[in-house]
Amino acid sequence: MELKKFITNLEDVFEDADPITIKPESSFRDLEGYSSLVALSIIAMADEMYNVKLKGDDIRKANTIEDLFNIINSK
Amino acid sequence: MAFLHIPDVRLAGVAACVPKAILETSRYAGFSKDEAEKFISSTGVERRRIADENITTSDLCLKAAEKLISDLNWSRDEIDCLIFVTQTPDYILPATSCLLQDRLKLKEGVFALDISLGCSGWIYGLQVITSMLSHGQLKKGLLLVGDTILKPCSPGDKSTYPLFGDAGTATALEYNRTVSGFKFHTATDGTGFEAIIIPDGGYRNGTHLSSFEMIEFEPGIKRNRLQTVLDGMSVFSFGISKAPESIRLLTENYGIDLEQVDYFLFHQANLFMNEKIRKKLKIPSEKVPYSIKNYGNTSSATIPLTIVTEIKDVIANSSKNLVACGFGVGLSWGTVQFFTDRVICSDLIEY
């Protein structure tokens with residue numbers, strides 16, 4: 001799984017956010033357009049694209065885009 | 001894999017009872033106007049019913065059962081089996097089904113049992129009662145399923161209170177040698193027990209003064225340890241993977257053609273999750289009725305309530321091929337496929 005592709009997938013989730021603002025070190029909760037619904041859409045994306053089941057704690061413990069990437073990669 | 005085909009039992013009737021009092025999402029004190037609109041568009045819940053403090057789940061189920069027995073023209077002494085599924089019983093003990101035997105004036109010889117399950121409860125209750133009846137010795141049974149799930153929700157918790165609603169239902173089953181019966185898939189994952197939980201008040205943690213302390217976890221999420229905790233993200237992740245998987249496993253195991261199914265009755269968790277599940281299975285929207293808009297997530301009652309409020313006339317007047325799937329608290333989930341033929345479907349009761 002590639003970080004670059006993962007970020008592209010995330011950009012689709014964050015439809016309203018400016019794509020340039022999504023970097024590996026970005027704190028995903030601070031991105032424009034983030035909401036609890038976006039969190040659910042990240043979970044749905046992980047399920048659809050990577051067949052990974054994220055738990056609530058996985059999202060709560062992660063801060064950056066790279067954290068999310070690493071959690072999905074480790075499952 | 002827990003697959004079970006139970007022959008020789010038919011669905012005879014369904015009834016549902018909701019409290020009269022309506023809570024509008026737009027008037028929930030914990031939401032701004034903008035938040036209320038976003039909540040409605042994502043969860044689909046515009047309003048729901050709330051039982052007042054004197055009304056319990058068994059009261060709602062009793063009303064539904066009384067109406068159904070009358071509409072079916074059943075004689076009470078014919079009823080051999082009574083199963084009550086709830087997570088909001090009248091008492092910690094005794095079992096509420098014992099009280100319901102008396103209140104429904106059923107015979108002393110009735111088999112009565114409580115089952116403690118929520119979102120998957122109608123599926124499990126159906127599997128137990130049809131199993132009992134399929135032997136052919138007990139002829140008629142009542143499955144009473146419901147919850148007053150708002151009672152253990154904190155009004156100051158926007159993650160639970162605006163989502164849930166109260167309802168009680170009755171489903172009538174009878175032994176019949178000419179029908180194909182019910183095909184089930186059921187599964188459980190106890191590692192997820194904390195995803196939906198009331199932490200105190202049972203015997204693991206007991207009830208202490210600290211159980212009543214109101215704690216604010218984040219703005220708009222305030223509750224005590226005797227109130228429901230809902231980890232929405234974990235439940236969502238679980239639902240979108242396990243509900244479609246359960247339907248696929250059932251249909252593969254029994255060679256059921258999804259396209260031949262007339263209606264898919266899903267537990268009404270929330271619209272966003274349910275639509276993900278529907279799209280994953282590529283089911284057209286007209287085959288998936290929703291009661292969540294007007295009644296919210298009514299816990300174990302969602303599937304029979306959806307039958308009564310959304311497809312009453314079609315199942316009362318024709319033959320249908322139905323799939324129902326419940327998933328949630330436990331974590332527990334299950335799917336059933338069955339054929340119906342002119343089911344007695346009572347008008348929705350308000351109490």
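What follows is a short chat about chain B and one of its strands.

Modeller: Keep in mind that this is a predicted model.

Biologist: Fine. How many helices and strands does chain B have?
Modeller: Chain B has nine helices and 18 strands. Its radius of gyration is 19 Å, close to the 20 Å that the globule rule gives for 351 residues, so chain B is as compact as a globular protein of that length.

Biologist: What box do the C-alpha atoms fill?
Modeller: Along the principal axes, the C-alpha atoms of chain B fill a box of roughly 55 × 45 × 35 Å.

Biologist: And how much of chain B counts as buried?
Modeller: Of its 351 residues, 51% count as buried.

Biologist: Which strands pair with β9(B)?
Modeller: Strand β1 of chain B, residues 2-6, runs antiparallel to β9(B) and is joined to it by five bridges. Strand β16 of chain B, residues 332-341, also pairs with β9(B) in the antiparallel sense, over seven bridges.

Biologist: What are the bridge partners of B:Phe182?
Modeller: B:Ile6 has B:Phe182 as its bridge partner in β9(B). In β16(B), the partner of B:Phe182 is B:Phe338.

Biologist: Back to the whole chain. What share of the contacts join residues at least 24 apart?
Modeller: In chain B that share is 79%, counted among contacts between residues at least 6 apart in sequence.

Definitions and conventions
Residues are numbered from 1 along each chain as its sequence is written. Chains are lettered from A and ligands numbered from 1 in the order in which they are written. This is a predicted model: local features need pLDDT of at least 70, side-chain atom pairs count only at pLDDT 80 or more; totals for chains, interfaces and linings use all residues. Two strands pair if DSSP finds at least two bridges between them. Helices (H or I, at least four residues) and strands (E, at least two) are DSSP runs, numbered from the N terminus. The radius of gyration is taken over C-alpha atoms; the globule rule is 2.2 Å times the number of residues to the power 0.38. A residue is buried if 20 or more other C-beta atoms lie within 10 Å of its own, exposed if 12 or fewer, and partly exposed in between; C-beta atoms are placed from the backbone. Two residues are in contact if their C-beta atoms, placed from the backbone, lie within 7 Å.
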